[in-house]
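The report below was prepared for a reader who wants the geometric details together with the criteria behind them. Please keep the sequence and the model at hand while reading.

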Amino acid sequence: MFHRSAISTLKRCSILWITAFLSASLLFLLAPSLIDNSTSLISTVPSTPIFPGDQLRTSYTERTEEEEDTPERLQERSDMLLERITNQCDLDGIKTNWKYPDKSWIQSKQPRLLIYNEKFHILYTTNPKTGSTSFKKFLYLADGKLPRGDTTQEIIDGIVNVHNTTGGHFSIIETKPQLPPEPVFTSCFKFVVIRNPVTRLVSGFRDKQLRREQFLKPGIHYPAKARDEEIFRLFVIGPLQDWLYLENIHFKPQWLDILVCSWPYDLVVQYERMGEYMPFIQQRTGTADFLWPGSRKEQGVEEHATMYFVNQYMNFLDANERELIYKFYKKDYELFGYTKFGEPGFPYLKT
């Protein structure tokens with residue numbers, strides 16, 4: 001009796017062990033696909049399409065071959081945008097038609113907003129949260145400040161401080177309060193990058209508020225365990241509506257500092273199409289031999305994350321609260337023609 005019971009128990013244990021082994025093996029084989037599927041679910045945007053057409057995409061850079069643009073088309077698109085900006089500035093009575101900036105502007109303007117690369121005759125206007133850090137790194141690289149090929153953030157940040165505003169680290173690429181002489185200025189390739197106000201706002205909010213807590217403080221302005229979208233709502237109805245915060249360049253309406261109604265730009269780049277414009281800029285400026293340093297944006301990470309959070313935060317707001325954002329960035333929308341959240345084609349320009 002004991003012998004039969006032991007054999008029966010042994011058989012049951014063997015069956016359970018074999019079943020567990022097969023289950024673990026199957027899980028091991030399926031794990032990569034399960035991880036990929038969970039990642040894709042996290043990256044999926046749950047609300048309105050952000051591209052024209054029926055296909056829902058979660059990235060600015062997911063484009064088909066038919067959508068790729070030639071250099072001529074990119075320049076044409078920029079020219080059309082510049083024409084739109086000029087017409088709107090004329091309509092608003094704020095167009096100044098500078099051929100060369102007046103001295104009062106040069107003396108009063110923050111030096112950090114202009115980067116002049118004398119070697120390649122580039123005059124770049126920085127615009128926070130539009131890839132400006134990557135452009136600074138690239139200009140250092142093109143001027144020989146960094147070794148070719150060594151373009152990781154760790155190496156770059158170890159050699160130069162691209163956010164320095166005192167001039168101490170700009171021995172080759174100088175951030176100048178005084179512009180080059182007028183003949184040189186006229187021949188420089190002058191460009192700026194613009195971005196949809198909503199995606200730029202969310203990117204700035206996650207950096208300056210969630211990471212650094214520069215404005216609202218946990219335990220004072222909101223509960224310590226408040227959700228991100230709840231903090232975003234408080235930010236929109238609070239600090240963003242305080243005009244004192246216009247002094248923060250990460251949240252100011254873009255047109256105020258990049259001076260699109262005055263500055264004679266050769267190219268206005270849409271951040272959402274950076275992947276197409278960067279080779280074109282390199283071709284125009286003779287810097288094609290230098291590797292674009294890249295950032296989270298170029299690695300396909302930042303735009304996926306930002307679009308996910310844009311949908312999360314904006315869907316949390318009611319219509320009146322979203323309207324506060326549109327009112328704050330009213331002039332950016334008028335000048336650039338960007339789509340609003342939920343409109344067809346968001347976050348691109350209107351077609």
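The sections that follow go from the overall composition to strands, helices, a disulfide and some backbone details.

## Basis and overall composition

This is a predicted model, in which local features need pLDDT of at least 70 and side-chain atom pairs count only at pLDDT 80 or more, while totals for chains, interfaces and linings use all residues. Residues are numbered from 1 along each chain as its sequence is written, and side-chain values use heavy atoms, with hydrogens and water left out.

The chain contains 13 helices and 4 strands, where helices (H or I, at least four residues) and strands (E, at least two) are DSSP runs numbered from the N terminus. Of its 351 residues, 46% are buried; buried means under 20% relative accessible area, exposed means over 50%, and partly exposed lies in between, with a 1.4 Å probe and protein chains only. The accessible surface of the chain is about 18,400 Å², and carbon and sulfur atoms hold 57% of that surface; the areas come from the Shrake-Rupley method with a 1.4 Å probe, and for residues only the protein chains shown count as cover. Among the contacts in the chain with a separation of 6 or more, 73% are between residues 24 or more positions apart, a contact being heavy atoms within 4.5 Å.

## Strands 2, 3 and 4

Strand 3 (residues 189-194) pairs with strand 4 in the parallel sense over 4 bridges, and strand 2 (residues 122-125) also runs parallel to strand 3, joined to it by 4 bridges; two strands pair if DSSP finds at least two bridges between them.

Gln-75 belongs to helix 2 and is buried, with a relative accessible area of 16%. Its C-alpha atom is 7.2 Å from that of Leu-267, although Gln-75 and Leu-267 are 192 residues apart along the chain. Neighbours within four places in sequence aside, Gln-75 is in contact with Asp-266, Leu-267, Phe-280 and Arg-284. A polar atom of the Gln-75 side chain lies 3.4 Å from the backbone oxygen of Asp-266.

Thr-287 sits in the loop between helix 10 (274-285) and helix 11 (302-316), and Thr-287 is buried with a relative accessible area of 0%. Its side chain and that of Thr-285 are joined by a polar contact of 2.8 Å; a polar contact is a pair of N or O atoms within 3.5 Å, where within protein one must be able to donate a hydrogen and the other to accept it, and residues adjacent in sequence count only if both atoms are side-chain atoms. With neighbours within four places in sequence left aside, the contacts of Thr-287 include Phe-120, Ile-122 and Phe-138.

## One side of helix 8

In helix 8 (residues 228-237), the buried residues are Glu-229, Ile-231, Phe-232, Phe-235 and Val-236. They cover an arc of only 155° around the axis, which puts them on the same side of helix 8; the arc is that of the directions from the helix axis to the C-beta atoms.

## The disulfide

The structure holds 1 disulfide, a term used for a pair of cysteine sulfur atoms within 2.5 Å. It is formed by Cys-89 and Cys-261, whose sulfur atoms are 1.8 Å apart. The pair links distant parts of the chain, 172 residues apart, with Cys-89 in helix 2 (residues 71-92) and Cys-261 in the loop between helix 9 (254-258) and strand 4 (267-270). The torsion about the S-S bond of Cys-89 and Cys-261 is about -70°, so the disulfide is left-handed. Both Cys-89 and Cys-261 are buried.

## Backbone details

Most residues other than glycine have a negative phi, and most peptide bonds are trans. Lys-129, a residue other than glycine, has a positive phi near 70° and is found in the loop between strand 2 and helix 4 (132-142). Glu-213, which is not a glycine, has a positive phi of about 50°. The peptide bond from Phe-346 to Pro-347 is cis, with omega near 10°, and Pro-347 lies in the segment after helix 13 (330-336).
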